[in-house]
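This report describes the architecture and selected local features of the structure shown below.

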Amino acid sequence: MLGDTSSDNTAGGRPGRRALVLVENLSVPFDRRVWQECTTLRDAGWEVHVICPRGSKRDTEPEAEIDGVRIHRYPLRAATKGPAGYLREYGSALWHTFRLARKVGPVDVVHACNPPDLLFLPGVWLKRRGARFVFDQHDLVPELYLSRFDRGEDLLYRAVCALERLTYRAADVVLATNESYRDVAVRRGGRLPKDVFVVRSAPDTDRFRPVPPEPELKRGKPHLLCYLGVMGPQDGVDYALRALAKLRDEIGRTDWHAVFVGGGDTFDSMVELSRRLGLSEQVQFTGRVPDADLVRYLSTADVCLSPDPRNPLNDVSTMNKVLEYMVMGRPIVSFDLKEARVSAGDAAVYAPANDEAEFAGLIARLLDDPGKRARMGEVGRERISGPLSWRNSQASLLGAYAAACRGHVPVSTGDPRRVGRRARR
């Protein structure tokens, strides 16, 4: 059962409520989940501020006000390999976050989005100045560490577990992206069930609207396969490429062109792997593309790929690309992961975990069955407009804020001398 999603006037009915959203790993509004949360809070009457890094090609202004949300951005260089690189990145992010939080001044709620699990430090600092702390757990960092670095439960693993515990302990309420994450917050984090609210990510239906397919994107082939998303060590692009090689070599199918949309740490190595597998003529890597191009590819795709292998993180995480495929009405091939089934249901077919040959076989079977592809696409659209819609998450988000702020005096109506002192510190 979810935390109490009942709403009262503390969720947004009083004027002057101020929320400060902290993000470290993406710029805003590029981070779509954070942006949906910000606009939901704005519509509920909150004055919303965001502190986040600047983007490299977009979201580059240090200060911006977009649709009534005030965004404060800082320069941040991504970590180089090794602990020292992460220490420099996270240290710089924390310094800028504290600096900009002082500039924003007093707030009623500080809303920290992980990873990393270090934003509890400014969260605690702002709690001591009268704010309530909402922890928005986008990733399970201990599982992310195990899945990304393959170092086992070493000293750094124990350190990230300790940081997660401190974050849970500091938070007034926790936002979980799915029931698996909620279970971790209760079981491992020691949180009361009533203080953990499931706020599922959902695709932006204004951003994802199908357009007429463009056969030229198939590069002369009958079918288009599409991958959308981040390309990191745990994201399974290598599994997808090896499955495509099996689709060609073992099943004998060459009637397809594949496009991989997105970027990340392993982008260059995935391009090289494609070359080594002899796929360069059939596989196209676009990097990150404008939304209009992304929609063109998805509208033309016959089958979409979700090749995330089973590991401690992926099995319990909701994949944004799966939801985005569904809103566009595309059939999906996925490995059999717990939360993939919760999200996609019958909008996907599932290969045994990490079985590249079966993944390739499922692609071939879907290519041969346009009727099934159409039915799966319709199931996906219905799920996104129904149980997985952002409307349901909006109610849960506002319920979480109501729970966090119950009995809290807004900063704008508190002792003005106290507010003034906090703003000058």
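D59 lies in the loop between β2 (47-53) and β3 (63-66), where helices (H or I, at least four residues) and strands (E, at least two) are DSSP runs numbered from the N terminus. The model is predicted, so that local features need pLDDT of at least 70 and side-chain atom pairs count only at pLDDT 80 or more, while totals for chains, interfaces and linings use all residues. Residues are numbered from 1 along each chain as its sequence is written, and side-chain values use heavy atoms, with hydrogens and water left out.

**The mixed sheet**

An open sheet of eight strands has the order β3-β4-β2-β1-β5-β6-β7-β8, with mixed pairing. Two strands are taken to pair if DSSP finds at least two bridges between them. β3 and β8 are the edge strands, each pairing on one side only. On average, neighbouring strands of this sheet are turned by 20° against each other, direction ignored. Such angles run from 0 to 180 degrees between N-to-C directions, and axes are lines fitted to C-alpha atoms, for helices over the stretch in contact.

β6 and β7, by contrast, pair in the parallel sense over four bridges; the bridge partner of Q137 in β7 is A176. Helix α5 lies across β6 and β7 and runs at about 135° to β6.

Helix α6 (residues 179-187) has the buried residues S180, Y181, R182, V184 and A185. Buried means under 20% relative accessible area, exposed over 50% and partly exposed in between (1.4 Å probe, protein chains only). The cover over these residues includes β6 (132-137), α5 (155-170), β7 (173-176), β8 and α11 (338-344). At the start of α6, a side-chain oxygen of N178 comes to within 3.0 Å of the backbone nitrogen of S180.

**The parallel sheet**

A further open sheet has six strands in the order β11-β10-β9-β12-β13-β14, and its pairing is parallel. Its edge strands, β11 and β14 (348-351), each pair on one side only. From one strand to the next, the twist averages 25°. β10 (residues 256-261) pairs with β11 over four bridges in the parallel sense, with A258 opposite V283 in β11. Helix α12 (residues 356-367) packs on this sheet and touches β9, β12 (303-306), β13 (332-335) and β14; its direction makes about 165° with that of β13.

**Nonpolar cores**

The largest nonpolar core has 63 residues, and L244 and F260 have the most contacts inside it. Such a core is a set of buried Ala, Val, Leu, Ile, Met, Phe, Trp, Tyr and Cys residues joined through side-chain atoms within 4.5 Å. Helix α7 (residues 237-249) gives the most to this core, with eight residues. Leaving aside neighbours within four places in sequence, the contacts of F260 (heavy atoms within 4.5 Å) include Y227, M231, V237, L241, L244, F285 and L305. In soluble globular proteins, nonpolar side chains tend to be buried together.

**Q282 and the local backbone**

Q282 is found in the loop between α8 (267-276) and β11 (283-287) and is buried, with a relative accessible area of 10%. A polar atom of the Q282 side chain lies 2.7 Å from the backbone oxygen of W256. Not counting residues up to four places away in sequence, Q282 touches K221, R248, T254, W256, H257 and A258.

| Cis bond | Omega | Loop holding the proline |
|---|---|---|
| V28 and P29 | about 15° | P29: between β1 (18-22) and α1 (32-43) |
| N114 and P115 | about 0° | P115: between β5 (109-113) and α3 (120-127) |

Positive phi values also occur in residues other than glycine. Phi of D59 is near 55°, and this residue counts as buried at 10% relative accessibility. R219 has a positive phi of about 55° and lies in the loop between β8 (196-198) and β9 (223-228). Is R219 buried or exposed? At 52% relative accessibility, R219 counts as exposed.

Definitions and conventions
A polar contact is a pair of N or O atoms within 3.5 Å; within protein, one must be able to donate a hydrogen and the other to accept it, and residues adjacent in sequence count only if both atoms are side-chain atoms.
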